[in-house]
Amino acid sequence: MQDWRCNNKQLSRLMIHELNTPSELNEAYGLIRHLHPKLGKADFISRLALQRNAHGYVLLGLFQDLNPTDQKQLSSLAVLAGYRLASSLSLGNYFYLGDLVTNPTYQGQGLAVQMLRYLEAIARDAGCRQIHLDAGVERFGAHRFYAKQGFNIVFHHFAKELD
């Protein structure tokens, strides 16, 4: 996957790329805990490896404030997104957005919207006609955000704890 740099002059200090190095995953863990507060670091690393190997899960980071003299030096993870390509009998091929979280420092700056636009392009390039996601029942801010971005509630997701 190629790194992406924003061409918009106001947003020119943004870059999106796949997270793989231990330092990137450490920073990702710090951010994913805002979305999954009970997730321990060891579980994060093992579940990420399983998701990647078994389901093709990809973890992307949108970074802001690149060091202008060293483009490889990233200073701050602003948005984290995890996705996989999936297929079902009812939907055919679709894009599943499993995780999307913005660093609280960067909320309200439109960076999650930039990440969604990037993810939409990946989905289209992969031949998907839909993006699906689940948002916790109590995450009203997320519900408003996704509705504003054109997402509709089309399913109710049920879960049952097993002994």
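The structure is a predicted model, in which local features need pLDDT of at least 70 and side-chain atom pairs count only at pLDDT 80 or more, while totals for chains, interfaces and linings use all residues. Residues are numbered from 1 along each chain as its sequence is written, and side-chain values use heavy atoms, with hydrogens and water left out.

Histidine 132 is part of strand E6, residues 131–133 (helices, H or I, of at least four residues and strands, E, of at least two are DSSP runs, numbered from the N terminus). Its relative accessibility is 11%, so histidine 132 counts as buried (under 20% relative accessible area, with exposed over 50% and partly exposed in between, for a 1.4 Å probe and protein chains only). When residues up to four places away in sequence are not counted, histidine 132 is in contact (heavy atoms within 4.5 Å) with Leu91, Tyr94, Phe95, Tyr96, Leu97, Val154 and Phe155.

Leucine 77 belongs to strand E4, which comprises residues 76–88. This residue is likewise buried, with a relative accessible area of 2%. Beyond its neighbours within four places in sequence, leucine 77 contacts Leu19, Glu27, Ala28, Leu31, Gly61, Leu62, Phe63, Asn103 and Tyr106. Methionine 15 is 62 residues from leucine 77 in sequence, whereas the C-alpha to C-alpha distance is 9.6 Å.

The structure contains 4 aromatic pairs (rings of Phe, Tyr and Trp, the last by its six-membered ring, with centres within 6.5 Å; planes under 30 degrees apart count as stacked, over 60 as edge-to-face and the rest as tilted). One of them is formed by tyrosine 29 and phenylalanine 44, whose ring centres are 5.6 Å apart; the planes stand at 40 degrees, so the pair is tilted. Because tyrosine 29 lies in helix H1 (residues 22–35) and phenylalanine 44 in helix H2 (residues 41–55), the pair ties together parts 15 residues apart in sequence. Both tyrosine 29 and phenylalanine 44 are buried.

Tyrosine 146 and phenylalanine 151 form an edge-to-face pair, with 5.5 Å from centre to centre and 70 degrees between the planes. Tyrosine 146 is buried at 11% relative accessibility, and phenylalanine 151 is buried with a relative accessible area of 18%. Phe145, Tyr146 and Phe151 are linked into a cluster by ring pairs.
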